[in-house]
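Hi,

Here is the structure I promised to pass on. Have a look at it first, and then read on for what turned up.

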Amino acid sequence: MTIDYTIVQILTSLPGEIHNEILQYLSFRERLQMAQVCKAWRNLVLSWQPQWKCLPVVDDRCSFVPDMLPYAPFIESRTVKQIKVHYYLDHDHLSTIMEFIQKQQFHAISKVDLAVQEFTKDQFKILIDTCGNVLKDIKVKGLGKHKSNIRPDALLKHCPSLVKLEFNGCVFMDEYWGEDQQAKGHWDPVDLMNLKHKSLLFLSLRFHNLGEFRNFNPSPFLKAVPRLRYLSMNIAHLQVVADSLAKIIRKYCPELVALVLYENVRRGETIPKKKFQTLLNYKGEEKIQTRPEEGLRHLIIHEHNYAQTARRICTSLIDQFHNSFFSLDFRGAGTINNGVLYHISTLPFPSLKHLKLEHNDYLAPDLHPPTLLSIFQQWDIMGLNNNNLTHLALSNLNINVNDDLLTMISVSCTHLEDLTLDNCHGVFGNGMINFLERQNQRHQLSTAKNDNSRYLQSITLSNARRAMDSDVMFFMAKEMGYLKQVVVEGARFDYDGYDHMNSFVSVRADLLMQQQQQINNIHASTTVDEKIQLLEYLEISFYVDDSEYDSSNTDIDESSEHKFQSSMNSIAKTWAYIIKTRDEDGEIPSAVITKRKVTNTKFK
C-alpha cells in the first residue's frame with residue numbers, strides 16, 4: 001500500500017479541534033486502522049481521550065481485558081467514566097477487570113453496568129477503593145445464588161454518592177438466617193440499619209430467589225433512601241405489604257414521584273411501554289433536586305398472576321394519592337376489574353392527565369359493561385376541574401369499550417389530545433364518527449379562543465376493524481385536517497382493507513394538493529374549507545396470514561403498494577408502512593412478526 005506522506009503530515013499538524021471532528025465520526029476499528037499508518041498517527045489516535053470514556057469501547061464490542069491492555073499507557077485515569085461487562089461464562093473475567101481498574105487507578109468511574117453470575121464482595125471492595133466516592137449509577141444483572149456475591153444493601157452502604165441503583169439477581173442470606181428470621185420468613189438487610197442515604201433517587205429491585213421465603217418487606221430499603229424519586233419492584237414479592245405499601249411510601253419516601261410494580265412474565269415487561277416511559281425516565285439528578293413534596297405522581301401496575309395482590313396495592317395507593325396522580329397505567333385482572341374501576345369512579349383525580357387501562361391479552365375481561373362508563377359519568381358529575389385527561393388508552397377490553405362509552409368520553413374529557421383504542425370491539429363506525437364530530441366541535445371552540453392545546457391531536461386504532469371502516473377514515477381525512485398523528489393497525493392486507501385505508505391516505509393527499517394549488521393560484525377552481533396540515537407521524541399496519549404473505553396470494557400488487565406509499569409520503573413528515581403476520585399458533589402480540597417495513601427514509 002502506498003502512503004501519501006504529505007497527507008500524513010498535514011493531518012498531524014492540524015489543530016486539536018479538527019482532530020476531534022474527524023475522529024468522532026470513525027468507529028474504534030477504523031481508528032485503529034488509522035493508527036497503523038505511522039507512529040505520529042498512532043500517538044494522535046490512541047491519545048484521543050473521548051474514545052476511552054466507556055470501557056470496553058461500545059461500537060467495536062472488543063472485550064475489556066486483554067484487548068485493552070496494549071492501550072493502557074494511552075488511557076488517562078480521569079477519562080474513564082463507565083465500565084460495561086456482560087460476561088456470564090468466565091468467573092475470573094470480572095476479577096481481571098477489577099485488577100486492571102485498580103492498577104490503572106481509574107478513579108473517575110461513575111457508572112457500572114454488569115451482567116455477570118458472580119460479583120463478589122472482594123471484587124466490589126476493589127471497585128469502591130478505586131472510585132467508590134464518585135460512583136453514581138450501578139446496574140447489576142444476572143447474579144446467581146453464591147455466598148460471596150454482593151447484595152443490594154451493601155451497594156447502598158458503601159457508595160455514598162450513588163444516585164441510581166438497579167439490582168437484578170439472587171440474594172444469598174443463609175449466613176444471616178437465625179431461628180427468628182426463619183420464623184418470620186423474610187429478609188432483614190443488615191447493612192441498612194441506621195443508614196440514611198442522601199443521594200439515591202432511582203431504585204429498582206428484582207430478586208430471583210425470594211420465592212424461597214416469599215415475604216419481602218421493602219421498608220428497610222425505603223427507610224434508608226428518604227429522597228427517593230423512582231421505585232421499581234416485582235409485584236410478586238409484595239404480598240405481605242400489599243395493604244400497607246401506600247403508608248410505607250408516604251412515611252419513608254415523601255418525595256417519591258414514580259412507582260412501577262410489574263411481574264416479569266414476558267420479555268420487556270420490566271419497563272413501561274413507550275408512550276408512558278417518557279414520563280418516568282430518569283432525567284438526571286440536577287433536574288429534580290428541588291422538587292417539592294407533592295405526593296406520588298406516576299403509577300404503573302402490570303401483573304399477570306397476582307391479581308389479589310395487585311388489587312390490594314392499587315386500592316390503597318389510590319386512596320392515599322388520588323389527588324396527586326398525573327398518570328395511571330394499569331394492566332391485568334388485579335386492576336382491571338369491577339371493584340377497582342368502581343373505586344376509581346368514586347374519587348376525584350384533579351391532576352390526572354394520562355390514563356391507560358389494559359387487560360391481559362389472553363383473558364377476556366370480567367367486567368360489567370356499565371363499570372367503565374361509570375368512571376367518566378362520575379368524573380363528569382364532579383365537574384370540569386376534576387377531569388383533565390389529555391391522554392387516554394384502552395386496550396384488550398373487548399366489547400366493554402362501546403359506542404356509549406365513547407360518547408361519554410367525548411362529553412367528559414374536554415381536554416383530550418390523544419386517544420388509543422386497541423382490541424376494543426364494541427365500537428362501530430357510526431359511534432366513532434359521532435365521537436370525531438364532537439372533537440371537531442372542540443377544535444372549533446379552541447380555535448375561536450386561540451387555545452391550541454384543547455383538542456384531539458393524535459388517534460391510534462389498533463385491531464378495531466369495526467371502528468375504522470371507510471366512512472371513518474374518510475371523515476378523519478376530510479374533516480380533521482388538524483390531526484398531528486394517526487396510527488392504524490390491524491387492517492387486512494386485501495382489497496377491502498386497502499380500500500378503507502385509501503379512504504384516508506388518498507383523500508388527504510388530494511386535499512393537500514388542492515390546498516397548495518389554492519395558495520399558488522387564487523383563481524383555483526376548487527377550495528379547501530379547512531386548513532389541512534402535514535401529519536407529524538403516520539403509521540399504517542396491515543395484517544396477513546403467514547401462509548398468504550406472498551403477494552401473489554393477495555389482491556394487492558406492487559404498483560398499488562408503491563402508489564399508496566407515495567400518498568403517505570405526501571401527507572406526513574414521518575411515516576411507516578408495515579406488513580405484519582402471526583405464527584399459526586400466535587395468539588399474543590409477542591407472536592406478531594414484522595415481515596416488511598417501509599418508512600419515509602427508505603422510500604424511493
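Two rings of Phe, Tyr or Trp count as a pair if their centres lie within 6.5 Å, with the six-membered ring used for Trp. Please keep in mind that this is a predicted model.

With that rule, there are 15 aromatic pairs. One of them joins Phe-376 and Trp-379: the ring centres are 5.9 Å apart and the planes meet at 75°, so this pair is edge-to-face. Both residues sit in helix H15 (residues 369-382), 3 residues apart, which puts about one helical turn between them. Phe-376 and Trp-379 are both buried.

Tyr-455 and Tyr-482 make another edge-to-face pair, at 5.4 Å from centre to centre and with 85° between the planes. Tyr-455 is in the loop between helix H17 (429-448) and strand E14 (458-462), while Tyr-482 is in the loop between helix H18 (470-479) and strand E15 (485-492), so the pair ties together parts that lie 27 residues apart in sequence. Both tyrosines are buried.

There is also an aromatic cluster, made up of Phe-167, Phe-207, Phe-216 and Phe-221. As for charges over rings, Lys-164 lies over the face of Phe-202, 4.6 Å from the ring centre.

Finally, a look at His-208, found in the loop between strand E6 (202-207) and helix H9 (219-224). His-208 is partly exposed, its relative accessible area being 39%. Leaving aside residues up to four places away in sequence, His-208 touches Asn-168, Gly-169 and Cys-170. The C-alpha atoms of His-208 and Cys-170 are 4.9 Å apart, although 38 residues separate the two along the chain.

Best wishes

Conventions:
Residues numbered from 1 in each chain as written. Predicted model: local features only at pLDDT ≥ 70, side-chain atom pairs only at ≥ 80, totals over all residues. Heavy atoms only, no water. Phe/Tyr/Trp six-rings, centres within 6.5 Å; stacked < 30°, edge-to-face > 60°. Helix = DSSP H or I, 4+ residues; strand = E, 2+ residues; numbered from the N terminus. Buried < 20%, exposed > 50% of the residue type's maximum accessible area, 1.4 Å probe, protein only. Lys NZ or Arg CZ within 6 Å of the ring centre and 35° of its normal. Contact = heavy atoms within 4.5 Å.
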